[in-house]
Amino acid sequence: TWRSEAAERKRLELNLKNVQNPYYSADSVPEFDSAILACERVKDILLDTNDVKNLIQIYQKMALCNLKLNRQDHALYCFQSMLAYSWQDNDCGSEIKAYNHLAITYFNLADLKNSKYYHERGLNMMIEPDDSRTRVQAC
């Protein structure tokens with residue numbers, strides 16, 4: 001019924017607010033795992049409604065939770081998705097954030113070549129041109 005869906009949506013929103021809070025410092029695996037699962041559910045709704053602006057945010061949240069769990073590969077996927085959706089939304093600020101997150105994550109993986117590439121893009125605010133092949137394929 002729609003009431004149970006509304007209650008579930010409210011519960012997911014509360015869970016996401018906890019992750020969003022900058023003072024949220026829970027370090028237990030179950031809490032981050034449940035936050036990722038909540039984000040996945042919300043992501044499915046956002047994909048159905050084509051809510052690109054919030055997809056950027058949800059992928060960033062999932063990536064940060066995966067980093068807390070030391071799941072670097074999952075975090076990379078989420079940051080790359082964040083980047084692709086920032087291109088789709090022409091959101092330069094989120095594009096730069098994605099570059100910075102990717103640089104740090106690649107650095108933590110000891111992939112200095114990719115870390116330097118994304119670090120320089122973020123530092124120099126090198127926005128991907130609208131007509132670039134990379135951007136067109138991602139969108």
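In the chain, 51% of the contacts between residues at least 6 apart in sequence join residues at least 24 apart. The model is predicted. Its chain contains 7 helices and 0 strands, and the order along the sequence is α-α-α-α-α-α-α. Of the 139 residues in the chain, 40% are buried.

Helix α3 covers residues 52-68. The 17 residues of α3, at 1.5 Å a residue, should span 24 Å, and the C-alpha atoms at its ends lie 25 Å apart, which agrees. The buried residues in α3 are Val 52, Leu 55, Ile 56, Ile 58, Tyr 59, Gln 60, Lys 61, Met 62, Ala 63, Cys 65 and Asn 66. Just after α3, Asn 70 adopts a positive phi of about 60°.

Helices α4 (residues 72-88) and α5 (residues 92-108) form a contact, with their axes coming within 9 Å and crossing at roughly 160°. Because angles over 145 degrees count as roughly antiparallel, α4 and α5 are therefore roughly antiparallel to each other. The crossing of the two helices is left-handed. On the α4 side, the contact is made by Gln 72, Leu 76, Phe 79, Gln 80, Met 82, Leu 83, Ser 86 and Trp 87. On the α5 side, the contributing residues are Ser 94, Glu 95, Lys 97, Ala 98, Tyr 99, His 101, Leu 102, Thr 105, Tyr 106 and Asn 108. By residue class, the contact of α4 with α5 comprises 9 nonpolar, 7 polar and 2 charged residues.

Notes: Residues numbered from 1 in each chain as written. Predicted model: local features only at pLDDT ≥ 70, side-chain atom pairs only at ≥ 80, totals over all residues. Heavy atoms only, no water. Axes fitted to C-alpha atoms, helices over the stretch in contact; angles between N-to-C directions. Helix = DSSP H or I, 4+ residues; strand = E, 2+ residues; numbered from the N terminus. Parallel < 35°, antiparallel > 145°, perpendicular 65-115°, else oblique. Left-handed = near helix turned anticlockwise from the far one by under 90°. Contact = heavy atoms within 4.5 Å. Nonpolar A, V, L, I, M, F, W, Y, C, P; charged D, E, K, R; others polar. Expected span 1.5 Å × (residues − 1). Buried < 20%, exposed > 50% of the residue type's maximum accessible area, 1.4 Å probe, protein only.
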